[in-house]
Amino acid sequence: MIFPELQTNRLILRALQPDDYPRLRFLFSDYDVARMTASFPHPITDEWAHEFISRSHSFDLKTDVVWAIDNGTGFIGSIGAHRIGESASLGYALGKYYWRRGYMSEAVQAVVNYLQSERSVENVDACVFSENPASFRVLLKNGFVPTSVCTHSCVSRGTDEVETQNFELKLGQAVEQPQLAVAGIR
């Protein structure tokens with residue numbers, strides 16, 4: 001399977017490359033970024049950053065895809081779709097300098113569109129730490145609805161007890177169109 005590069009108005013979602021290493025390590029080393037992810041350590045080590053990139057190339061693209069988010073200046077974050085089948089799970093991180101610019105909403109929309117149109121995914125879920133209102137907004141803006149609250153581990157915080165909000169987006173459900181009977185239009 002060929003890597004599915006995606007484009008939006010402002011972004012290219014592409015495969016991670018070794019050249020992304022310096023920016024990835026710099027941007028993801030920010031504690032404010034790491035503490036909002038389940039799996040990023042803090043501080044990020046050279047070994048972890050290299051492994052993050054190389055692991056993304058070892059995934060079976062039929063079930064797991066991790067994209068670099070590139071705004072034309074290079075790597076600014078990543079987004080992944082995991083366990084792709086009838087359902088898929090999203091995970092993402094964006095360098096703090098690029099927050100509040102709509103980049104992640106745009107990336108999520110591109111990945112959801114890809115999952116629906118190219119992979120026939122019917123349901124997408126995401127899990128967000130409850131203290132991350134920016135991620136809540138990204139998901140709500142893209143049509144996700146909150147489903148349940150639970151706790152999850154966070155490597156950078158060294159705990160298993162961070163409250164999370166689960167979100168879900170049902171795709172491909174036909175929306176019933178109203179019948180129009182005005183002037184012979186049906």
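Reply: The largest pocket holds about 1,300 Å³ of space. The model is predicted: local features need pLDDT of at least 70, side-chain atom pairs count only at pLDDT 80 or more, and totals for chains, interfaces and linings use all residues. Residues are numbered from 1 along each chain as its sequence is written, and side-chain values use heavy atoms, leaving out hydrogens and water.

Me: Why is this space called a pocket?

Reply: On a 1 Å grid over the protein atoms alone, a pocket is an open set of points with protein on both sides within 12 Å along at least five of seven lines, whereas a cavity is a set where a 1.4 Å probe fits but cannot get out. Its volume is the space filled by probe spheres set on the points, which are joined across faces, edges and corners.

Me: What makes a residue part of the lining?

Reply: A lining residue has an atom within 4 Å of a point. The largest pocket has 48 such residues, and Met 36, Thr 37, Gly 91, Tyr 92 and Ala 93 lie nearest its centre.

Me: How do you know that β4 and β5 pair?

Reply: Two strands (E runs of at least two residues in DSSP, numbered from the N terminus) pair if DSSP finds at least two bridges between them. β4 and β5 have six bridges, in the antiparallel sense; therefore they count as paired. Within β5, Gly 91 stands opposite Gly 80.

Methods:
Helix = DSSP H or I, 4+ residues; strand = E, 2+ residues; numbered from the N terminus.
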